[in-house]
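Welcome! Please take a moment with the sequence and the structure below before reading on.

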Amino acid sequence: GILMDKSDGSEIAGKNGKSITAKAEFVPEKANGSVELSFKVDSTLLAGKTAVVFEDLYFNGIRVCSHADIEDEDQTVFFPEIATHASFGTDKAKDAVNAKSGSKKTTAKDEVKVIDKVTYRNLVPGKEYTISGKLMDQKTGKAALVDKKELTAQARFTPDKASGSIELAFTFKADELGGKNLVAFEELYLGDTLVASHTDIKDEAQTVSLEKPADSEKTGSGGGKSSGGSSS
């Protein structure tokens with residue numbers, strides 16, 4: 001068997017530049033039956049691609065039949081691709097703002113909202129997907145914590161088209177996170193199967209910054225209450 005790229009009908013190459021193939025030898029016990037081929041490949045090479053499996057059957061070195069239909073859905077596997085853009089949301093509108101119009105910095109004070117816009121392509125329309133997100137501490141590479149809990153978000157959606165976008169909203173108290181950069185990691189699932197992820201700790205598009213409050217913001221501006229004097 002060999003993996004083909006549906007977009008142009010070419011063979012898909014692995015990291016070594018060679019075609020991605022699989023082979024199995026078998027001795028059938030009956031005239032009719034089935035056998036499985038297993039392809040081992042770095043899935044990052046297939047992100048955004050639609051792969052079609054072509055097979056040839058040989059007997060004593062002679063090809064006796066083949067199945068090589070680039071339009072056959074039963075031979076086709078879709079490999080989605082996602083990209084993300086995170087920013088701080090605003091409550092000025094009732095609906096969540098588009099992430100690209102939000103700010104990349106805010107003060108680590110009170111409750112804040114991070115909107116992560118996930119752009120996807122090569123999904124199967126009509127199938128239900130789950131997008132799961134987590135905010136990471138860029139300095140440590142570990143999950144950011146508030147009250148010892150991870151900052152996560154999740155949404156289910158059924159795309160009408162193969163390409164589109166969806167937004168995840170993370171809402172949390174930011175007071176513990178002053179001076180930190182948070183990076184949004186996202187994973188896309190079809191059922192229980194992980195089909196795509198975007199987890200680049202250095203990606204600026206996925207990153208937002210929480211600045212430490214100024215002293216005046218911590219303690220409040222102005223002096224204490226003045227007390228009235230008494231006369232005798």
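## About the model

This is a predicted model, in which local features need pLDDT of at least 70, side-chain atom pairs count only at pLDDT 80 or more, and totals for chains, interfaces and linings use all residues. Residues are numbered from 1 along each chain as its sequence is written, and side-chain values use heavy atoms, with hydrogens and water left out.

## The chain as a whole

Let's start with the overall picture. The secondary structure comes to 1 helix and 16 strands; helices (H or I, at least four residues) and strands (E, at least two) are DSSP runs, numbered from the N terminus. Of the 232 residues in the chain, 31% are buried. Here buried means under 20% relative accessible area, exposed means over 50%, and partly exposed lies in between (1.4 Å probe, protein chains only).

The chain exposes about 15,400 Å², and carbon and sulfur atoms supply 46% of that area. Accessible areas come from the Shrake-Rupley method with a 1.4 Å probe; for residues, only the protein chains shown count as cover. Among contacts between residues at least 6 apart in sequence, 68% join residues at least 24 apart, where a contact means heavy atoms within 4.5 Å.

## Salt bridges

The structure holds 5 salt bridges, each a side-chain nitrogen of Lys or Arg within 4 Å of a carboxyl oxygen of Asp or Glu. One of them joins the side chains of Asp5 and Lys49 (3.2 Å, N to O). This pair links distant parts of the chain, with Asp5 in strand E1 (residues 2-5) and Lys49 in the loop between E2 and E3, 44 residues apart. Asp5 is buried because its relative accessible area is 8%, while Lys49, at 27%, is partly exposed.

Lys134 forms a salt bridge with Glu150, and their closest N and O atoms are 3.2 Å apart. Here too distant parts of the chain are linked: Lys134 is in strand E9 (residues 129-137) and Glu150 in strand E11 (residues 149-150), 16 residues apart. Asp56 also forms a salt bridge, with Arg63, the closest N and O atoms being 3.7 Å apart. Asp56 is partly exposed at 39% relative accessibility, whereas Arg63 is exposed at 52%.

## Surface patches

Which residues form the nonpolar patch on the surface? They are Phe26, Val35, Leu57, Phe59, Ile62 and Val64, with about 580 Å² of accessible area together. E3 and strand E4 (62-67) are the elements that give two or more residues to this patch. Patches are made of residues with over 30% relative accessible area and no salt bridge: like charges are joined within 9 Å, nonpolar side chains (Val, Leu, Ile, Met, Phe, Trp, Tyr) within 5 Å.

A patch of negative charge gathers Asp110, Glu111, Asp147, Asp175 and Glu176 on the surface. Lys and Arg count as positive and Asp and Glu as negative, while His and the chain ends are not counted; the place of a charge is NZ of Lys, CZ of Arg, CG of Asp or CD of Glu. Glu176 sits in the loop between strand E13 (164-173) and strand E14 (180-190), and is partly exposed at 45% relative accessibility.

## The loop between E2 and E3

Val35 lies in the loop between strand E2 (10-11) and strand E3 (50-59) and is partly exposed at 47% relative accessibility. Phe26 has its place in this loop too.
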